[in-house]
Amino acid sequence: MACSVAPTLPDQMFHRVGAAPQQMMTRAPTPPAPPASHGVRLSDFEWIDDLGAGGFARVSKVRHRRSGAVFALKISYRAAYPGTEDEEAEVLRRAAGWPHVVTCHALLRGPFDEPACVLEFMDTGCLGGVLTRRQGMGMGMGGISELALAEAAAQCVIGLAQLHVRGVAHLDVKPENFLANSRGEIKIGDFNTARILYGGDERPLAVPITAGTRCYFSPERFVPEACAGPHGAMAADVWSLGITVLELFLGRYIVSPELSDAGLELMICHSGPLRVPEEAEASAELRGFVAACLQREPARRATVLQLLVHPFITRRDVKASRRALRELIVES
């Protein structure tokens, strides 16, 4: 399913944004050169711990021997997914310099010539892990407070907007790919499935949107070999963001990853609307934010720029919301 829309070039998007989003989000400078090794080698790092592994890569916590600085080292499975490293390297180049996108410090090669990235280390893991640890420590089986969630949602939206404004769709938005640190900062990471949306001449591209985590898929992504232009790919990210925010609020999966493909499609595409439950104690602003993300028709979904001016974001008590989020992250 291809989405045919009049393109909005990435740098034109901010001309339509009011003062409030501009205060939350600073423009990046001219895109820097791609991250490079600058003489750094894998042997310059010592292993500390394993952080995780998935279908595309394995990630370790490492220390730079000379400086003592700690990083996350991601080594991709090149043989399993040939060619993806070039797309990811370009995504990292375009995303460099944004404050709510995980920083790539260098691109290297692994022991078997696999692509390796030296990444910023986020010391409290992902938002999904924060929620799980909180529940495991007996802090309640529900989700996070709406006060903390408003700040988390704001930072997630800004991070996603910082990708979209550079012509990148993430296409695997979920709690595990929003990383947090003990300063209360949230940054988007893991660009294995990310896609460049504009060619070198700013020509809009149609990109495949069927890779990613299926329980966060929007309805249009279940079409076999589905593709989308820039508007459609960005709209797919917004749906996944809505599921993410709803999961953080409720403290549970909205769409179970244990469902079969047919079950996932039935629930996401044909069941009742996915929304904040009527019985939940939630503000009208939160309900409206989630509803704006979880419109089944891509054209009716909010854009990230519209989400930046949504009342759930703009009417939050910024100081109290940031404090609540940081306390939540540090306590867990």
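**Note on the predicted structure**

1. Five bridges connect strand β4 (residues 104-109) with β5, and the two strands run antiparallel.

2. Leu107 stands opposite Cys117 in β5, and Ala106 stands opposite Val118 in β5. The hairpin formed by β4 and β5 has five residues between the strands, and within this hairpin Asp113 takes a positive phi near 70°.

3. How many residues of strand β5 (residues 115-120) are buried? The count is six of six, so the strand is largely enclosed by the rest of the structure. The cut-off applied is that a buried residue has under 20% relative accessible area.

4. The pairings belong to an open sheet of five strands, ordered β1-β2-β3-β5-β4 and paired in the antiparallel sense. The edges are taken by β1 (45-53) and β4; each has a single partner strand, so one side of each is left without a neighbour in the sheet. On average, neighbouring strands of this sheet are turned by 25° against each other, direction ignored. In a regular strand, side chains alternate between the two faces of the sheet.

5. Helix α4 (residues 146-164) comprises 19 residues. From its first C-alpha to its last it reaches 26 Å, close to the 27 Å expected at 1.5 Å a residue. The helix is mostly covered, with 17 of its 19 residues buried.

6. The largest pocket has a volume of about 790 Å³. Its lining is made up of 34 residues, and those nearest the centre of the pocket are Val59, Glu176, Asn177, Leu179 and Asp190. By class, the lining has 15 nonpolar, eleven polar and eight charged residues.

7. Which elements supply at least two residues each to the lining of the largest pocket? They include the strands β1, β2 (57-64), β3 and β5, together with the helices α2 (84-95) and α3 (127-136). The reader may compare this list with the sheet order β1-β2-β3-β5-β4 given above.

8. Asp190, one of the residues nearest the centre of the largest pocket, is found in the loop between β8 (186-188) and β9 (195-196). Asp190 has a positive phi of about 65° although it is not a glycine. With 33% relative accessibility, Asp190 counts as partly exposed.

9. Glu202 has a positive phi as well, near 60°, and is a residue other than glycine. Its position is in the loop between β9 and β10 (207-208). Glu202 is partly exposed, its relative accessible area being 38%.

10. Is Asp172 buried or exposed? At 10% relative accessibility, Asp172 counts as buried. This residue lies in the loop between β6 (168-169) and β7 (178-180). Asp172 and Tyr216 are 44 residues apart along the chain, and their C-alpha atoms are separated by 7.7 Å.

11. Gly251 is found in the loop between α5 (230-250) and α6 (261-270). Gly251 is buried, with 15% relative accessible area. The C-alpha atom of Gly251 is separated by 9.2 Å from that of Gly128, a residue 123 positions away along the chain.

12. Val238 lies in helix α5 and is buried, with a relative accessible area of 1%. Between Val238 and Val304 the C-alpha to C-alpha distance is 6.9 Å, while the two residues are 66 apart in sequence.

Definitions and conventions. Residues numbered from 1 in each chain as written. Predicted model: local features only at pLDDT ≥ 70, side-chain atom pairs only at ≥ 80, totals over all residues. Heavy atoms only, no water. Helix = DSSP H or I, 4+ residues; strand = E, 2+ residues; numbered from the N terminus. Expected span 1.5 Å × (residues − 1). Buried < 20%, exposed > 50% of the residue type's maximum accessible area, 1.4 Å probe, protein only. Pairing = 2+ DSSP bridges. Axes fitted to C-alpha atoms, helices over the stretch in contact; angles between N-to-C directions. 1 Å grid on protein atoms, 1.4 Å probe; cavity = no way out; pocket = protein on both sides within 12 Å on 5 of 7 lines; lining within 4 Å. Points joined across faces, edges and corners; volume = space filled by probe spheres on them. Nonpolar A, V, L, I, M, F, W, Y, C, P; charged D, E, K, R; others polar.
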